[in-house]
Structure formats: C-alpha cells, structure tokens
Amino acid sequence: MSSKYECAIDFDAIVALDVHTHVEIDGCGHRSLDDELMAASEKYFKSGEERTPGIDAIADYYRARNMAAVVFTVDAGAASGHAPNSVEEIAEGAARHNDVLIPFGSVDPWQGKAAVRRVHRLVDEFGVRGFKFHPSMQGFEPNDRRFYPLYEAITEAGVPALFHTGQTGIGAGLPGGHGIKLRYSDPMLLDDVAADFPDLTVIMAHPAVPWADAQISIATHKSNVYIDLSGWSPKYFPPQLIRAANSMLKRKVLFGSDFPVLTPDRWMTDFAQLDIKDEVRPLVSKINALAALGLSVKETP
C-alpha cells in the first residue's frame, strides 16, 4: 500500500527544522498524559493554557514562522495504563500539512511482535519518517535485547529512532515522580544500541542532564548518533555541550524545541545569545537535521 504522507517541504526556503514537537491531544479531546501528569507538567513547564494545541494549530504556528517541524506522541500504554493518542491521526494530520510537518511514529516496546508489525505498518501505510521512544515513560531499558527486533524493523525501514535522554519534566514534583524512573533514560544505554545497529540513526533527545559528558562521548564516538537540543533553553546548556557543538559535534547537534512546553520563539531567542560560531548556526538550525532524517532538497516538488 502506498504511503499517505508525501513530503512537500521546501527545505531551501525554511529557516529552521524543529526535530522535537509533541502532539498531546487528539481530535476527540483525549490527551496523551493522565490528568495528574498533565497538571504536574503544566506547573513544571509553566506552560498554562497552550499546553495542548492540536495538530492543525501546530501546523499554523510553524508555517507562520517559516519553519518545519517533526511531530509525534509517545505510546506508553503498558507502563502508564493511559491509552495513547493515535499515531495514525497524527500522520494523517501531517499529510494535510505536508508543507510544514513531518510525522514520527511511536510504538509501545512491551507489545513485542505486535510492536514490530506496527513499525512496518506505520512506515508503509502512513509514511512516518522516524520513531520516538521515551524509556522513562515507557518503562524499559533500551539496550535490553528483548527490544532489538524493534530496532531491526526500524533499521530495515531506513528511518531514525529518537530517544528521550536525561531528566524529564513528566512526573516532576510528584511523589515518586509518578513512578517514572530516570535511570531508563541514561544515554549510555543507547551506546549499546548504536553499536549493535550501526545502520540505525539514533537521535538522543535533549541535553542529557545529568549525563551530559556521556552523551557527548557517545555522539563523538558513534557516527550514527546525533543529539537534539530540545527541552532546555539554550542559556541552560552545559558549557561542555556548547564547546562540543562548536567543534567536534558541529555536524551532530540538531535544533529541537520541545513545543509546546518550550516554544521555538524562546529557544531561538536564547540561542542567538549563545556563544556559537556563525558557521555552526545554520548547521544546528536545519542542515544537520536534514542529514539525520535522511531528507534533502531533492524531495521538494
């Protein structure tokens, strides 16, 4: 079956490609987090009423800024007990707005063979261009070999896998962090994945506080590993990450905001004040993302 999604983004024309944006509400008003987690995240991120814009609003937001965005949700049903939002609906929404949105899929790693089949279906029938994992929310160790068939399927599809790394604002401030365990998002667990799947592009999401040095080491050592800079205002980036972005990782770091909890407006404003070389800025804003996502100007109609 042919894909419903065909990319129509003019990569030459856009000023930036945001590789990390969340769609956290569906067409029926179902939200991606339970009420307690959503309320806690609103407090943590100080995001208020704009916490859950729909996919049409997200497309309008990025189109108005002459940016493109990768959109996704996280399927954490087994670990959280909360029904996930529809990845298919997100892909269909991205297809309606294929001049500005790129869909990623998400599968629950605890679904085993069903998750593997779902990877193939989401790529073949809905045209998703990558997969998002959140090990802490999904409650799994990424280097556990039980999940390797998932990575095999994603590698076969030729699309990247994006993993949350480091601290998470989801569950922050709640007793026991709502049961969410940070250790699952230690980037060193992804070193095994990147080594065992050298043809799989691995994107480590966020400056991985408190494991920034490990994250930098992995991205330096493994040619198939990138870092997206979402989830933190650039003014809070660890100094060693800034140094690496200006030197050995200048081709490996990607602009990501974590919209809607952190807007690209704020991220770009703070990034402009960062001590980043002029020749590195366009690499971070767009060029590196095109390489990591396997996209090029040739895809423009």
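**Ground rules.** I worked on a predicted model, where local features need pLDDT of at least 70 and side-chain atom pairs count only at pLDDT 80 or more, while totals for chains, interfaces and linings use all residues. Residues are numbered from 1 along each chain as its sequence is written, and side-chain values use heavy atoms, with hydrogens and water left out.

**The sheet.** I looked up the strand order and found an open sheet of three strands, β1-β2-β3, with parallel pairing. β1 (16-22) and β3 (101-103) are at the edges with a single partner strand each, so one side of each has no neighbour in the sheet. Neighbouring strands here are turned by 25 degrees against each other on average, direction ignored. I noted that strands (E, at least two residues) and helices (H or I, at least four) are DSSP runs, numbered from the N terminus. Two strands pair if DSSP finds at least two bridges between them; β1 and β2 (residues 67-72) have five, in the parallel sense. L17 stands opposite A68 in β2.

**The helix across it.** I found helix α2 (residues 55-64) lying across β1, β2 and β3, at about 155 degrees to β2. Axes are lines fitted to C-alpha atoms, for helices over the stretch in contact, and angles run from 0 to 180 degrees between N-to-C directions.

**E92.** I located E92 in helix α4 (residues 87-96). Beyond its neighbours within four places in sequence, E92 is in contact (heavy atoms within 4.5 Å) with K4 and F126. I also checked I55: it is 37 residues from E92 in sequence and 9.8 Å away in space, C-alpha to C-alpha.
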